[in-house]
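User: I would like to learn how to read side-chain contacts and pairings in a protein model. Can we go through some cases together?

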Amino acid sequence: MNQLRNTALGIALGFVFVCNVPRVKAAEPANHVLHLQDGWRMESSCKVEKPGTQVSTSAFSDAMWYPATVPTTVTSALVKLKKYPDPDFGMNLRKLPGVTYPIGSNFSNMDMRQDSPFMVPWWFRKTFVLPAADKGKTLWLYFGGINYRANIFLNGKQIGTYDDVAGAWRTYEFNITDAALPGRQNVLAVEVFSPTAKDLAITFVDWNPSPPDKNMGLFRDVEIRTSGPVAIRYPAVMSKVDPDGKAHLTVTAFLKNGSKQEISGQLKGKIEGVEFSQDIPLKAGEEKNVTFDTAEFPQLNFDHPRLWWPAQMGTPELYKLDLRFEINGQSSDSSQTSFGIREVTSELNTANHRVFSINGKKLLIRGGGWSPDMMLRENPQRLRDEFAYVRDMGLNTIRLEGKLETDDFFNLADQQGILVMAGWCCCDAWEHWSEWTPEELPIAKASLRDQIYRLRSHPSLLVWLNGSDNPPPPDVEQAYLDIEKQLQWPNPVISSATAKVTTVSGESGVKMSGPYEYVAPSYWMEDSFGATHPQSCNQGGCGGGYGFNSETSPGPAVPPIESIETMLPKEHWWPIDDWWNFHAGGENFKDLHVFTDALNARHGPTTTLEDYTFKSQVQSYEGIRAMYEAYSRNKYTSGGVIQWMLNNAWPSMIWHLFDFYLRPGGGYFGAKTAMQPLNPLYGYDDHSIYLVNSRYEDAKQVKVATKLLNLDMSEKFFNESTVDVPADGVIKVVAIPEIVGLSPTYFVALKVSDSAGKVLGSNFYWLSTKPETLDWAKSTWFNTPTLSYADFTALSQLPKVKLRVTEHSERKADQEITHVTLENPSTSLAFFIRLKLKKGAAGPEILPVLWQDNYVSLLPGEKRDLTAEYRASELGTEKPVIEVRGWNTE
C-alpha cells in the first residue's frame with residue numbers, strides 16, 4: 001500500500017488544506033492488493049429470482065441493476081443516482097420510501113415496516129479479473145464493513161453465510177484460494193441484510209434522523225489481497241516511555257497460515273536500523289499472535305527516541321515498522337506500518353476524576369464529538385478539511401461514540417497529532433444487554449476484537465470506552481477486558497462515558513452529566529467541584545468545569561444565515577417552523593425553544609431571519625467559549641471536556657462547532673479564542689482575570705492588560721500586570737473590584753503581550769449588570785433552567801460605525817492567503833464583526849476557510865490585521881472579495 005503521506009504543510013498556522021489528496025492507506029505489502037471499488041451493480045432481492053450460486057457466475061446478467069461504487073450504503077447509492085431527492089434538503093428525507101418512523105425518534109430501536117424496500121436483502125455484484133500472476137498465491141477476500149448480515153458468493157461458491165457474517169463493526173477476511181480464478185473473470189455477489197432493532201448495528205441516537213435503510217450495505221472497502229502461504233495482519237508497536245525519555249517497544253503481529261500444511265518460517269522485523277527476528281512454526285490453517293518484547297529482544301530499547309506528541313505539545317513523530325515472513329528464505333508476505341513512540345496513561349486524582357498524561361506530561365483534553373455522514377458517504381478531501389478545522393481551533397481530541405472511522409481517518413489523526421477517544425455507542429442494542437440473545441455476546445466480542453486489532457497500532461488513540469451511557473454488566477465488561485488484555489491494547493480503558501461505578505473496574509473517573517441544552521455562560525464556572533447548590537444532574541455532578549466531562553454542550557448551534565438558506569426552501573426561512581425543528585435533534589431536542597427563549601430574553605425579540613441568525617452567533621460564541629474556558633482555568637481539577645458535538649451528519653441546527661457546509665460560525669471562534677495558547681479569560685464566578693498557558697513552556701514577563709468599559713466606551717477600570725505563568729499552568733492576574741456607575745451592558749477587554757509589545761492573546765466579553773441566575777434545583781441530565789437572564793438589549797443602542805477595510809491576497813503553492821486590515825476610526829465600539837470571503841463580488845462564500853480570527857470587536861481607534869487561508873482552486877477565474885458585516889457597522 002501507499003506510504004503515509006504528510007499532509008500538514010506549514011504556512012502561518014503550521015498546516016494548510018491539501019488539494020486532491022487520495023485517502024491515506026496503510027502501507028501495502030509487496031504482494032498485490034486489488035481494490036474492488038468501481039463497477040459494482042446493486043439490486044433489490046425482490047427483483048432477483050436466482051440463488052447466489054447462480055448470481056455469482058458469468059452466465060448471470062446484471063445489466064438492469066443499479067450501478068454503484070463501494071464503499072456505499074443502498075440509500076447512498078440510490079441518492080447518488082438521483083433516484084431519490086437530496087435527503088439533506090428541507091424535509092426530503094421524509095419522502096424516501098421506508099421513512100415512516102415518527103420524527104425525532106430513534107429509528108435504530110424500531111423494526112422496519114414490512115412494506116419498506118429495505119426490509120428485504122439487496123444484492124451487490126462485481127465482476128473483475130485477477131492477474132494471471134496470482135496463480136499459486138494465497139488469495140484473501142477482505143471486507144472492511146458490512147451492515148448488517150450477508151451471504152457471500154464467489155464464482156458460484158458460497159464463502160460466507162448469514163449466520164457467520166453478522167455485525168456492522170466486524171471486519172471479514174476469507175481465504176478464497178480454492179474459489180478464485182487467476183487470469184480469468186471472477187464474479188463476487190454479496191446478499192446484504194439490513195439490521196433489525198435487536199442488532200448491534202449503527203445508530204445516530206438523537207443527533208439526527210436515520211436513512212430508511214439503516215445504512216445497510218458494503219460501507220467500507222472491499223479488497224482482494226495476495227500473499228504466500230502465510231500472511232501478516234495487524235502489525236503494531238506498543239511503547240513504554242520512561243521519565244528520562246527512554247522507550248521500550250513491544251512489536252506484535254497476527255499471522256495466518258492459509259495453506260493446508262504445517263509451515264515453519266521466520267518473522268523478521270526492522271525499525272530504521274534496528275532488526276529482530278524469530279522462528280515461527282504454524283500448523284495447517286493456524287492463526288496466532290506473535291510478539292517481540294524487550295526481555296528477549298533488548299534492541300527494542302530506544303535510548304533517544306523521537307517521541308510522538310499531540311499537536312499542541314510537540315511534533316507527532318512517526319516511525320516505520322517493516323515486517324517480513326520468510327519460508328526457506330523466500331518472502332511469503334511483508335508489511336510496512338507507521339507507528340509513534342508514546343505512552344498514554346491516566347490516573348484518578350483525589351476526587352476520583354480522571355486526568356490523562358502522555359509521555360509523562362499531563363494533558364487537558366479539549367475535544368469534540370464526531371459524526372460521520374448520515375449515509376456514511378466517504379469524502380477524503382472533506383475529511384482533511386474537517387481535520388484542518390480541528391487543528392485551527394486548537395482542539396486536541398475527537399471522540400467517536402460507536403461510529404468507528406476509516407483507516408484514512410486514523411492515519412490522518414496520527415500524522416496531525418489529534419487524539420481519538422473511541423468506544424461503543426449508547427441507546428440501541430449495544431446497551432440493551434438485558435435483551436441480548438445468546439447470539440449477541442459473540443458478535444460483540446468479535447466486533448471488539450476486530451476493532452482493537454485495527455486501532456491498537458495508531459498513536460492517536462487515547463482511550464477505549466467499553467460503554468457509553470452505561471457500563472456493561474459484569475460478564476460483558478469482563479469479556480471485553482479479557483479481549484483488550486489479550487490483544488495488548490496499549491491505552492487506558494474506561495467502563496463507560498459516565499460516572500457509574502462497576503464491580504469489575506470500579507470508578508470510571510469521568511462524568512456524562514450534560515448539559516446538552518442552552519445554559520447561561522456563567523453555568524460552567526458557577527458549578528464548581530464541591531458546589532452546594534441543589535441539583536439533580538447525572539451521577540458525577542452537573543456539567544461545570546471539574547472532572548472529565550465526556551460529552552456536554554451549551555445547546556443548539558444555529559448556523560449563519562447562508563446555511564439556513566441552503567438547507568431549507570425559501571418559504572420556510574422565517575419564522576421558525578417545523579421544517580427548522582426537523583433539522584434539530586431527536587427525543588428531548590426536537591426544537592430550539594430553550595435557545596430561542598434565551599436569545600429573545602437577553603437581546604430582545606428577533607424579528608427577521610438575519611437578526612435571529614446573527615444574534616445566534618453571538619450567543620453561541622459566548623456559550624462555547626465559557627465552557628472551554630471553565631475547564632481550562634480549572635485544570636487539573638478538571639481533566640477535560642468533549643463538546644457535543646464537533647460536526648454534523650447532515651445540515652443541523654444543533655450541536656456543532658462548524659456546520660455541515662463547513663461554515664464556521666460564532667461557536668467555532670468562541671472555541672478558538674478559548675484555546676489560544678495564551679488565553680486571558682474572565683471568571684464569571686469571581687469576576688477575576690486569569691491567564692491560561694496551554695503551551696508546554698514557561699511564559700515569563702508577559703503583560704496582561706484589563707479594561708472595563710461602559711457602553712459609551714468610558715473606562716471604568718484598568719489594570720496592567722506583568723506576570724510569569726508556568727508551562728501548562730494557570731495564574732490569577734487580578735480581581736475586578738465592585739464598580740458603581742456601570743451601564744446595563746458593559747465590556748471587559750483583555751490583552752496579553754510580550755516585553756516588546758507583541759500581542760500574544762486577547763479576549764473580549766460583553767456583560768450585564770442584571771445577574772443571570774440558574775435554577776439548579778430543577779437541573780436535569782440535559783439542562784439547568786435559567787431563572788433570570790442577562791440584559792443585552794442596550795447593545796441595540798450602539799452607534800453605527802463605518803470601518804476602514806483594506807485587503808490584498810497572495811498565492812503560496814496551491815493556497816491563497818487573503819490579508820484583511822480592519823480599522824475602527826470612530827469613538828464607539830464596533831461590535832461582533834463578521835468577515836465573509838466571497839468568490840467575486842456576487843459569488844458564493846468560499847469554504848472551507850481558515851480565518852485567523854472572526855466575529856471580532858474593535859475598540860475606538862483599534863486596528864487588526866487578519867488572514868484567511870483557503871484553496872486557490874476555489875476561486876476559479878474570480879478574485880477574492882471580503883464582505884464585512886457587524887452588529888453596528890454601516
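User: Over the face of which residue does Arg-306 lie?

Analyst: Some ground rules come before the answer. This is a predicted model, with residues numbered from 1 along each chain as its sequence is written; local features need pLDDT of at least 70, side-chain atom pairs count only at pLDDT 80 or more, and totals for chains, interfaces and linings use all residues. Side-chain values use heavy atoms, with hydrogens and water left out. Now the general idea: a charge sits over a ring if NZ of Lys or CZ of Arg is within 6 Å of the ring centre and within 35 degrees of the ring normal. Here, Arg-306 lies over the face of Tyr-319, at 4.0 Å from the ring centre.

User: Which ring lies under the charged end of Arg-885?

Analyst: That ring belongs to Phe-614. The charged end of Arg-885 is 3.9 Å from the ring's centre.

User: How many aromatic pairs does the structure hold, and how do I read one?

Analyst: A pair of aromatic rings is described by the distance of the centres and the angle of the planes. Rings of Phe, Tyr and Trp (its six-membered ring) pair if their centres lie within 6.5 Å; planes under 30 degrees apart count as stacked, over 60 as edge-to-face and the rest as tilted. The structure holds 60 such pairs. One of them joins Phe-356 and Phe-548. Their centres are 5.6 Å apart, with 65° between the planes, and the pair is edge-to-face.

User: Which parts does the pair of Phe-356 and Phe-548 tie together?

Analyst: Helices (H or I, at least four residues) and strands (E, at least two) are DSSP runs, numbered from the N terminus. Phe-356 lies in strand E23 (residues 354-358) and Phe-548 in strand E30 (residues 547-552), so the pair ties together parts that are 192 residues apart in sequence.

User: Are Phe-356 and Phe-548 buried or exposed?

Analyst: Buried means under 20% relative accessible area, exposed over 50%, and partly exposed in between (1.4 Å probe, protein chains only). Phe-356 is buried, at 1%. Phe-548 is buried too, also at 1%.

User: What kind of aromatic pair do Phe-387 and Phe-409 form?

Analyst: Theirs is edge-to-face, 5.1 Å centre to centre and 75° between the planes. Phe-387 lies in helix H3 (residues 380-393) and Phe-409 in helix H4 (residues 407-416), so parts 22 residues apart in sequence are tied together. Phe-387 is buried, with a relative accessible area of 0%. Phe-409 is buried at 0% as well.

User: How many disulfides are there?

Analyst: A disulfide is a pair of cysteine sulfur atoms within 2.5 Å. By this rule the count is two. Cys-426 and Cys-427 form a disulfide, with sulfur atoms 2.2 Å apart. The torsion about their S-S bond is -85°, a left-handed link. Cys-426 is buried at 3% relative accessible area, whereas Cys-427 is partly exposed at 25%. Another disulfide joins Cys-537 to Cys-542, S to S 1.9 Å. The torsion about that S-S bond is about 75°, so the disulfide is right-handed. Cys-537 and Cys-542 are both buried.
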